[in-house]
Structures are given as structure tokens and as C-alpha cells.
Amino acid sequence: MAEMGSKGVTAGKIASNVQKKLTRAQEKVLQKLGKADETKDEQFEQCVQNFNKQLTEGTRLQKDLRTYLASVKAMHEASKKLNECLQEVYEPDWPGRDDANKIAENNDLLWMDFHQKLVDQALLTMDTYLGQFPDIKSRIAKRGRKLVDYDSARHHFESLQTAKKKDEVKIAKAEEELIKAQKVFEEMNVDLQEELPSLWNSRVGFYVNTFQSIAGLEENFHKEMSKLNQNLNDVLVSLEKQHGSNTFTVKAQPSDNAPAKGNKSPSPPPDGSPAATPEIRVNHEPEPASVATPGAALPKSPSQPTENPAGSLPSREPSAAEGTFAVAWPSPTAEPRPVQPSEATEVAGGTQPAAGAQEPGETAASEAASSSLPAVVVETFSATVNGTVEGGSAAGRLDLPPGFMFKVQAQHDYTATDTDELQLKAGDVVLVIPFQNPEEQDEGWLMGVKESDWNQHKELEKCRGVFPENFTERVQ
């Protein structure tokens, strides 16, 4: 736990909380060394073990269910793509085209309905079921702290009673503290003794309902999908009957040295003499470079600009001026046109300044390049001077508390049960910071300050506190 209270706590209350934590730490050390007895409740410990097992099983089931839903979504997309391919290859004059399109639409609707029902009847139920665990887990942890307080008060009272020099005032005060600590502990203990067995027994009905819902949804889905598949099969059988007598010839592309279509090379005579066939000559000699083959493009010299494909960026060549780049538009015959600052920025990959945003030392080189190249756009890149970028601005460091590690967002409301805990509402953003003493961090608890409190007060001592990690989800 932390050594700070929540907002508005007085200095006296903070001191009391610090003293309480020191007392707990001392009591735990004495118990571990065997110098102080510890109150044990084996039945409750068994309930806690069952609770942890139930939470582990539920978390795994939730994870696997989300994986299953993601697989259903992926299968839906794959089925949709397959049906789109069928619609594209199904020619308009083929019989059953409208039926095939209708089947594809029904197939898509069936997948969407199946996925949505899984979310409503399985995943949301799963989330509701697991939503009760964080609160109970925090109460179990708090019960453990109150049990240490009770043992400490009991030992203090007993030591005063057995002292040689008795102080009746101290004994009376210690007895009062013991009764108070015992009452707080027993109230929490009784509530958990009733809730934990009930929660453990509820798992059976929950698992039955969850898997029954999944099985029933799958059964109905596959029945409807089977009908659609049978209808599609009937459509394709009808298409096959209509075109079954037609011959679909696969035509191969002729090669350079293959004989013309219909002119097959005859087999040689049995006596081995050459067959009397027309002579076919194939000239593979390269044509002179100066003769242009009809329909073929002339080879381009290295200095000739290449065509710019539609939508691509112009090529970039370094200019003679130091620190500048000349961006040449590919068409050699195009008339020069003014370039907008947004276009110049886009050419430079969206990270360079436009031509009008040049530094004074760069203007002369830029103008020289522009005057010698009428059809170019000259961009000046920011020069790096003394490790900083001229014309640029570094983003300011975010105003965050010292030691900030990451952000979390509350997924559930949490009511603070101690002065050093944060009060959370679902949606609150908390800035997580380290404990001042890592050894005092309880498992499952984090130290932090609500972002709204930090932005308003900027005072870590008044705003920070601890909160249960399982009530939140990391967002940054």
C-alpha cells in the first residue's frame, strides 16, 4: 500500500495511517519469525483458494471465447470473399445467376447474425460474470489487512496485561482498540464467509448456460448454412446440365519456334528418309537497333525522362545548390505550372517545408535552381545547426507527475475503503507512478493519481493513492 492519503485528508489522519502501516509491518515480521501467533481460519483459506481458481478459469474462458469470436469473424470474411469471387466469374447469360447472388447475400447475413448472437448470449454474459470478481478480490485483501490489525491490537493488549508495572489507563485504551479492530474484522469476515461459497457454487450453472448457448447457436447456424449450401449446389448442377455438352478448350499460347496452327510436323518414313515437308525458317537474329518494329516502343536513352505513372510522385534529383533538392516533373513537354505549398509538402513525403518557407541563407541557392530549371519545384530542407532543426519546433514534454510509468482507465466503479485509496468511477484515467517503498506494494495494487486531480492541483502529496489493478485497463 502507499504512504499517502486521498485528497483532503488532514495531517493528523495521514500520520495515523502511516503509524497503522508501520504497526502492520511489525506484526507481519513478528508472525513470520514465530514471535507472535497469527489468527488462522482454514475454512476461509479454502474458500479463497476456490475463488482464485474460479477467477483463473473464468479469465481463461473469456480469453478463449474472444479468440473463438475472432475466428468466426475471420471465417465470415473468407466466406464473403469466396462468394464475391463466384459472383464475378458467374457470367450474365448463365442460368441461376440471380439465385447464386441471393444465396451469397443470405450467406453473409447468416454469418453476421451468428456472430452477433454469440456476442450477446455468450461474451456479454461472460463479462458480467467476471465483473463481480474485482470487488470481492479487493475485499479479501482488505480483510487480510484488518486481520493483521486485530492480531496486533490483541498482542498489544495482552502485553500490557502481563507487564510488571500495569497502567490501567493504557490497558483500557488498548482494550478499546482491540474491540474496535475485532468488530471491523468480523463484519468483513462474516460477509465473505457467506459470499465466497455462494460464488463458487454459481460456476456450475454459469458454465452450463454459456456452453449450451454456444452449442445451440452453432447447431442452428450449421442447419441454415447447410440449406444455403444445398441450394447453391442445385444451382451449379443446373448450370452443369445446361453447358454439359459444350466443349471448353484451353488454348495454349504459341511459342516462337512452334509450327503454325494446323501445320503439324509429319512423322519420318519407316525407311528413315527425310519427309517431304515445306521448309519453315525461323529467323532469331536480332533486328538492327536503328529499325523500329511496328507497335514497339523505341528504347529510351538514360537521359530521357521516363513517364510518370498516374498517382505516383515525381522523381527527386539533387541540385547543384547545397542543402536543396530539385524535384523534376516527368513530362518534358509540359508547361510550367505554379506549385501549391501543399503539393510541395506532399512531394517531400509530408515532412519538409514548402518552397515559400525557406530560411534567409537558403533563398539565393533556391532562386538559382529555380531560374535554371523552369519546370521544377525547388524545396529547401531544414538545415541542422548545433543539433537542432531550424524552422522546426520540438514538442513540449507533457506535464506528468514524477516517475510516471503509464496510464490506465477504470473499467468499473471502485469505492475507497481506506484513506489511502483512490475513489474511481468507470472511465476515470489514472496516471500510474511507482511506490516510494516497493516492498510495501501489495499484490494486485497500483499507486497513481487521477489525471483530473493532477491537472487541477499539481500536488502529488494530496492527490495520489492506491487502487486495485484489476478494476482498470492499461491505455498507454
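Colleague: How many aromatic pairs does a search of the whole structure find?

Modeller: In this predicted model, the search finds ten aromatic pairs.

Colleague: What makes the pair of tyrosine 129 and phenylalanine 206 stacked?

Modeller: The ring centres of tyrosine 129 and phenylalanine 206 are 3.8 Å apart and the planes stand at 10 degrees. Centres within 6.5 Å make a pair, and planes under 30 degrees apart count as stacked. The pair is therefore stacked.

Colleague: Which parts does that pair tie together?

Modeller: Tyrosine 129 belongs to helix 3 and phenylalanine 206 to helix 5, so the pair links parts that are 77 residues apart in sequence.

Colleague: Why is helix 3 called roughly antiparallel to helix 5?

Modeller: Helix 3 and helix 5 pack at about 175 degrees, and their axes are 10 Å apart. Angles over 145 degrees count as roughly antiparallel, so helix 3 is roughly antiparallel to helix 5. Their contact has 17 nonpolar, six polar and five charged residues.

Colleague: What makes helix 2 roughly parallel to helix 5?

Modeller: The axes of helix 2 and helix 5, the latter spanning residues 168-243, cross at roughly 15 degrees and come within 10 Å. The cut-off for roughly parallel is an angle under 35 degrees, so helix 2 counts as roughly parallel to helix 5. The crossing is left-handed. By class, the contact of helix 2 with helix 5 has 18 nonpolar, six polar and four charged residues.

Colleague: How do you know that helix 2 is roughly antiparallel to helix 4?

Modeller: For helix 2 and helix 4 the axes cross at roughly 150 degrees and come within 12 Å. An angle over 145 degrees counts as roughly antiparallel, so that term applies to helix 2 and helix 4. The crossing of helix 2 and helix 4 is left-handed too.

Colleague: What volume does the largest pocket have, and which residues are the closest to its centre?

Modeller: The volume of the largest pocket is about 1,400 Å³. Of its 43 lining residues, Lys137, Ser138, Ile140, Ala141 and Glu443 are the closest to the centre.

Colleague: Which elements give two or more residues to the lining of the largest pocket?

Modeller: Those elements are helix 1 (11-32), helix 2 (42-89), helix 3 (97-130) and helix 4 (133-162). Helix 4 gives the largest share, twelve residues.

Note on methods
Residues are numbered from 1 along each chain as its sequence is written. This is a predicted model: local features need pLDDT of at least 70, side-chain atom pairs count only at pLDDT 80 or more; totals for chains, interfaces and linings use all residues. Side-chain values use heavy atoms; hydrogens and water are left out. On a 1 Å grid over the protein atoms alone, a cavity is a set of points where a 1.4 Å probe fits but cannot get out, and a pocket is an open set with protein on both sides within 12 Å along at least five of seven lines; lining residues have an atom within 4 Å of a point. Grid points are joined across faces, edges and corners, and a volume is the space filled by probe spheres set on the points. Helices (H or I, at least four residues) and strands (E, at least two) are DSSP runs, numbered from the N terminus. Axes are lines fitted to C-alpha atoms, for helices over the stretch in contact, and angles run from 0 to 180 degrees between N-to-C directions. Angles under 35 degrees count as roughly parallel, over 145 as roughly antiparallel, 65 to 115 as roughly perpendicular and the rest as oblique. A crossing is left-handed if the near helix is turned anticlockwise from the far one by less than a right angle, and right-handed if clockwise. Ala, Val, Leu, Ile, Met, Phe, Trp, Tyr, Cys and Pro count as nonpolar, Asp, Glu, Lys and Arg as charged, and the others, Gly among them, as polar. Rings of Phe, Tyr and Trp (its six-membered ring) pair if their centres lie within 6.5 Å; planes under 30 degrees apart count as stacked, over 60 as edge-to-face and the rest as tilted.
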